[in-house]
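Please report on the strand order and the helix packing in this model. Keep it brief.

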Amino acid sequence: MEKQIFKTETHLHCGETSGCSLVTGDEFVRRYKEEGFSTIFVSDHYNRKWFRDCETREEYDIAVEKQLRGYRTAKAEGDRIGLTVLLSCELNIDGNDYLFYGIDESFFYDKSIGEMTPHQLFDYCNERGYTLIAAHPYREDRQPVPEAVHGIEIVNGGHNHYYHNNNDKALALAAILPNHLRTSGSDAHFVEDIAHGGIISEEPVNSADDYIRILRSGKYDIIDIPTAKEDINYY
Ligand SMILES: [Zn+2]
Ligand SMILES: [Zn+2]
């Protein structure tokens with residue numbers, strides 16, 4: 001009997017929350033299901049300006065509603081058609097992007113996450129059991145801070161960025177950091193990005209804990225679907 005496999009998207013952005021994305025959460029869910037995925041993480045960009053002035057619970061509720069609009073749309077569709085939708089988030093600090101795993105909605109009720117240095121953020125994540133991944137660490141001329149993350153995105157499949165993500169440099173960095181996790185994500189903003197990254201495992205990913213445990217075990221394959229140069233659209 002053939003072994004069952006499970007595909008997981010680790011990095012995508014929904015149009016409801018991330019202004020840079022052209023695909024809504026519900027459409028992503030349907031398309032990933034068609035592509036044979038069983039799980040997606042929604043990692044919308046953390047929007048500091050929504051949270052900056054939050055003081056009261058009510059003010060946070062309004063900001064969190066905007067921040068989670070894409071995730072909640074995706075989750076509702078995932079529950080309807082049978083695809084696991086999990087919460088992540090991507091935060092930019094000084095030009096580098098960080099992906100969080102193991103968070104829940106309470107994560108967004110503390111605006112200090114948008115005000116920390118990478119090292120402070122790493123300590124914060126360790127205290128709370130969050131896993132921090134450096135997204136596309138060498139996109140263009142970035143300088144990653146590898147000692148302040150648990151893992152490296154060695155493949156970022158985002159089609160518009162495929163030729164300046166410098167995934168080869170990210171892989172070389174991971175090679176000298178044997179204790180760091182290594183992963184892959186599509187960074188999907190457009191239909192053309194869908195399923196260009198992610199992981200394949202023999203165990204299903206029903207939670208962020210499952211995902212991190214699988215990464216730690218080494219028992220998974222990286223998805224890396226290159227983009228042909230003529231297929232790149234600079235929106
Ligand atoms: Zn984006
Ligand atoms: Zn991203």
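What is the order of the nine strands in the open sheet? It is E7-E6-E5-E4-E3-E2-E1-E8-E9, with mixed pairing. The edge strands are E7 (181-185) and E9 (220-224), and each pairs on one side only. Direction ignored, neighbouring strands of this sheet are turned by 30° against each other on average.

The model is predicted; local features need pLDDT of at least 70, side-chain atom pairs count only at pLDDT 80 or more, and totals for chains, interfaces and linings use all residues. Residues are numbered from 1 along each chain as its sequence is written, while chains are lettered from A and ligands numbered from 1 in the order in which they are written.

Some terms come next. Helices (H or I, at least four residues) and strands (E, at least two) are DSSP runs, numbered from the N terminus. Two strands pair if DSSP finds at least two bridges between them. A residue is buried if 20 or more other C-beta atoms lie within 10 Å of its own, exposed if 12 or fewer, and partly exposed in between, with C-beta atoms placed from the backbone.

**Strand E4**

Five of the six residues of E4 (residues 96-101) are buried, so the strand is largely enclosed by the rest of the structure. Six bridges join E4 to E3 (residues 84-93), and the two run antiparallel. E3 and E4 form a hairpin with two residues between them. Asp94, in the turn, has a positive phi of about 50°. E4 also pairs with E5 (residues 131-135), again in the antiparallel sense, over five bridges.

Residues that stand opposite each other include these:

| Residue | Opposite residue |
|---|---|
| Ile93 | Asn96 in E4 |
| Leu99 | Ile133 in E5 |

The buried residues of H1 (residues 25-34) are Gly25, Phe28, Val29 and Tyr32. Seen down the axis of H1, they fall within an arc of 100°, so they line one face of the helix. The arc is that of the directions from the helix axis to the C-beta atoms. These buried residues pack against E1 (6-9), E2 (37-42), H4 (69-81) and E3. Contact means C-beta atoms, placed from the backbone, within 7 Å.

H1 lies across E1, E2 and E3, running at about 150° to E2. H4 lies across E2 and E3, at about 165° to E3. Axes are lines fitted to C-alpha atoms, for helices over the stretch in contact, and angles run from 0 to 180 degrees between N-to-C directions. Just after H1, Gly36 takes a positive phi of about 85°.

Technical notes: Contact = placed C-beta atoms within 7 Å.
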